[in-house]
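Biologist: I am new to this structure and would like to go through it with you, one question at a time.

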Amino acid sequence: MRHLNYHHLRYFWAVAEHGGVRQAARALHVTQPTVSGQLRQLEEALGTALFDRRGRSLALTEKGEVVFRYAESIFTIGSELLDALEDRPTGQLQRFTVGVADGLPKTATVMLLEPVLSSPRIRLVVREGSPEYLLSRLETRAVDAVLTDRPARPAVASRTVSHLLGESSISIYGPQPLAERYRRGFPQSLDGAPFLLPQTGSPLRQILDRWFRTCEVQPDVVAEFDDGAMMKAFGKDGFGLF
């Protein structure tokens, strides 16, 4: 039977929490080789890499994120135990990790997560990525919840619980000259109009493409963007409607 060395786990947790071996060594008042050695022994004992080493920086692997979440729970409970024995109020924050799909508007994300920030006992951690990646992290419990603008795949949906949190309308914007030119006769006036659109295959793009077909218009797609803020910046400079 394998046994977990909690001393090694504490060093791992410190590296993940402080963002690197050097920072963890400073927080633990030990040398960097000591931290590196403890981390290496933990990885050998668990039989898996816990960090991806990218030059001088470290990033948690998929298994590393799982270990980190358990480590944080373990050490939080330990601190609360000591506080309880000394009749001190437990002031530990509970970490709530939310995956946010990279196509979700930032304003919507802030609105949906605002109630979480109002709780004094919760530390919010936000991870951004593709919906598929984040839902896979949900399955491994690397995140507690996922905010996304598309439904989960059938294979994933059977193992998750989904809730509709809100809906919104879609508006088309452009600098004043373009807006005035294409406002008349809308939406048929959009046929041939220069457009800055989300990437092909994204949920918003699919909705827009269906709407264009329904209106029997074919816009002139000037550029496609993953990032909505960048698309807006190009739109403000007059490169197209967005």
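**Sheets, strands and a surface patch**

Modeller: In this predicted model, three strands form an open sheet in the order S4-S3-S5, and their pairing is parallel.

Biologist: Which strands stand at the edges of that sheet?

Modeller: A strand at the edge has a single partner strand, so one side of it is left without a neighbour in the sheet. From one strand to the next, the twist averages 30°. The strands at the edges are S4 (122–129) and S5 (145–147).

Biologist: Which residue in S4 does Val 100 stand opposite?

Modeller: Strand S3, which covers residues 94–101, pairs with S4 in the parallel sense over eight bridges. In S4, the residue opposite Val 100 is Glu 128.

Biologist: Is strand S6 largely enclosed by the rest of the structure or left open, and how many of its residues are buried?

Modeller: Strand S6 spans residues 194–198, and it is largely enclosed by the rest of the structure because its residues are buried. Five bridges join S6 to the parallel strand S7, residues 220–225, and S6, helix H9 (residues 203–215) and S7 make a right-handed β-α-β unit. The number of buried residues in S6 is five of the five.

Biologist: Does Leu 4 count as buried, partly exposed or exposed?

Modeller: Leu 4 lies in the segment before helix H1 (6–18), and together with Tyr 6, Tyr 70 and Ile 74 it makes a nonpolar surface patch of about 370 Å². Because its relative accessibility is 36%, Leu 4 counts as partly exposed.

Definitions and conventions
Residues numbered from 1 in each chain as written. Predicted model: local features only at pLDDT ≥ 70, side-chain atom pairs only at ≥ 80, totals over all residues. Heavy atoms only, no water. Patch = residues over 30% accessible without salt bridge, like charges linked within 9 Å, V, L, I, M, F, W, Y side chains within 5 Å. Areas by Shrake-Rupley, 256 points an atom, 1.4 Å probe, with all protein chains shown as cover. Salt bridge = Lys/Arg side-chain N within 4 Å of Asp/Glu carboxyl O. Helix = DSSP H or I, 4+ residues; strand = E, 2+ residues; numbered from the N terminus. Buried < 20%, exposed > 50% of the residue type's maximum accessible area, 1.4 Å probe, protein only. Pairing = 2+ DSSP bridges. Right-handed = clockwise from strand over helix to strand, strands pointing away. Axes fitted to C-alpha atoms, helices over the stretch in contact; angles between N-to-C directions.
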